Amino acid sequence: MTREPAEPLRLDYLIKAGAIHAMTGASYRSVGLRGAEIAAVSPEPDGLDDLAGPDTVRADLGDLTVLPAFSDSHEHLMEASRNTLLVPVDKARSVAEFTSMVSQAARMAPPGKWILTSMGWHESNLAENRLPTGAELDAAAPGHPVLARRGGHLAVANTLALQAAGVGTDQPDPPGGKIGHLPDGRLSGVLESGAVYQVAAFAPAPSAEELAGALGTRSAEYAALGVGTIREAMVTLDDLQAYQRAWRGGLLNVRVRPLIRIGNELSTADALALIRGLGTWSGFGDDWLRIWGLKFVMDGGVEGGALEQPYANDPANSGHLNWDPAAMTEVCTEAVRRGWRIGTHAAGDRAVRTLLDVYEGVVAQTGSLPPWTLVIEHALLSDRAQRERAVRGGFGVTVQHPLLWNMGSEMLVTWGPERTRQVNPLDDWLALGASLAAGTDIARPFNPMTNVWGMATRGTKSAGIQGTEHAIDVPTALRLYTLGSAALNGEADRLGSIAPGKLADLVAYPLNPLTADLDDLAELTPALTIVGGRATHDPDKRLAR
Ligand SMILES: [Zn+2]
């Protein structure tokens, strides 16, 4: 009886490049892929030639530099995808353009159909630098309910939308929310936080098929910017089903790690019932779609964030907290005991301090927890004592320079220059030994290299350089955006660096980001993105057979 020789390892792809930065300090010239994984690496361009067979695709990328694909630790792919089904008012540059887009959509819609806008708009991009009014939306679409949501915490509704939601002039504000009024007492149409959801709940949702299709096309836009994984920072259970539909159809072009929203409008009993009814826990799924955990929201954003000191432009206001700390501690403790990780939005320093109270209260009952079980999302403002408490408690932090990049001018007005400079001091967090993971939170495709440039320069879109002393170097920024996020997702053994046995998530650039001029990074886009051993962005067909 003769024994068959062991099947030799045959690569599916043999990739050679000017530099392949593993993100661990090692650097290679060739990398071999087999199936969804990296099979081999070599410091020599020809070091893996013996592993290539007749079916191996050989891709010589010339001078390109290869990095692990980016892993965004906090982004809203679902919202970005849903936005593609909505009136694209984020493209408007004036209130007139905004309302004419609404009125055009209304003319094409059947009578009475809700007109919903995209959420990624901001009044700072409108010439008038103000919100459209409810009355202007009435005039634009007199026969349709109109809801113009802006991000997660603010919306403008017209009269028919408010009526459909049963919101009258005497309606009390919902918990953690605000229904705006004009000086004469009539409704202004402006809704904040909890009040947004109160009205949005009456707007019909797109179908799961529509959403799954939108996830497919939108995720391709992220892949084209070098993103391999998105930690999806807030989904409903319906959203999760749309994700499963997209997953089943093979439509996703990025890996997704969703957080399920536990709304602060729920009573403690209802929040506990929701969590007990989920019937799963963190980590369920596969390499493409895996549930990260639960999402809580402690405060608002640049407007509505809970601050230790009053707002610069409103001395009577220091923001609001959405959760009673004792109730949230009870809910989170039960969730952790049932196997859940928790990420909580905390933007202002008072929210961060209160969240630290909650998380410390959880650990006091559960005993010490694995790293990245309890996570602070954003911590835009924090003081040193809070940062030290977070590090001591083992609470990781997701950080998003694009929030400062995008909203720096609003922060200057609402928080003042001193606090704006102190937003997300990554240098100090790292000096204290914090676990950080980088992301965007911008709810539309955002170039990761613009983010890296921003972390390294503290540059912003329209507010200049803010707090240059808090800049970090490019290799550190890249590490937080790859290995940092992989650790956050509990996948440091599978993702975040280039090594045999890891998933083949790679991105290739025409410049070497580690040696390029900083200013050349801001606009740098990839030539090729690979996720799980298949090209998700390959305009020049470099990986074609
Ligand atoms: Zn977010």
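**Close-up views of the predicted model**

**View 1. Buried residues of helix H6 and their packing partners.** Leu 211, Ala 212, Ala 214, Leu 215, Gly 216, Arg 218, Ser 219, Tyr 222 and Ala 223 are the residues of H6 that are buried. The model shown here and in the other views is predicted. On the helical side, the buried residues of H6 pack against helix H1 (77-83) and helix H7 (237-248). Their strand partners are E6 (70-75), E12 (227-232), E21 (528-531) and E22 (534-537).

**View 2. Length of helix H6.** Helix H6 comprises 16 residues, 208-223. At 1.5 Å a residue it should span 22 Å, and its end C-alpha atoms are 22 Å apart, so expectation and model agree.

**View 3. The zinc site.** His 74 and His 76, each through NE2, and Asp 441, through OD, coordinate the zinc ion at 2.1 to 2.2 Å. The spacing of these donor residues in sequence is H-x1-H-x364-D. Because His 74 lies in strand E6 and Asp 441 in the loop between strand E19 (436-438) and helix H15 (448-457), the pair ties together parts that are 367 residues apart in sequence. Both His 74 and Asp 441 are buried.

**View 4. The open sheet containing strand E6.** The sheet has 3 strands in the order E6-E12-E13, with parallel pairing. E6 and strand E13 (255-256) are the edge strands; each has a single partner strand, so one side of each lacks a neighbour in the sheet.

**View 5. Pairing of E12 with E13.** The two strands run parallel and are joined by 2 bridges. Ile 230 has Val 256 of E13 as its bridge partner.

Technical notes. Residues are numbered from 1 along each chain as its sequence is written. This is a predicted model: local features need pLDDT of at least 70, side-chain atom pairs count only at pLDDT 80 or more; totals for chains, interfaces and linings use all residues. Side-chain values use heavy atoms; hydrogens and water are left out. Helices (H or I, at least four residues) and strands (E, at least two) are DSSP runs, numbered from the N terminus. The expected span of a helix is 1.5 Å times one less than its number of residues. Buried means under 20% relative accessible area, exposed over 50%, partly exposed in between (1.4 Å probe, protein chains only). Contact means heavy atoms within 4.5 Å. Donors are N, O and S atoms within 2.8 Å of the metal (3.2 Å for Na, K and Ca); water is not among the atoms, so sites may look incomplete. Two strands pair if DSSP finds at least two bridges between them.
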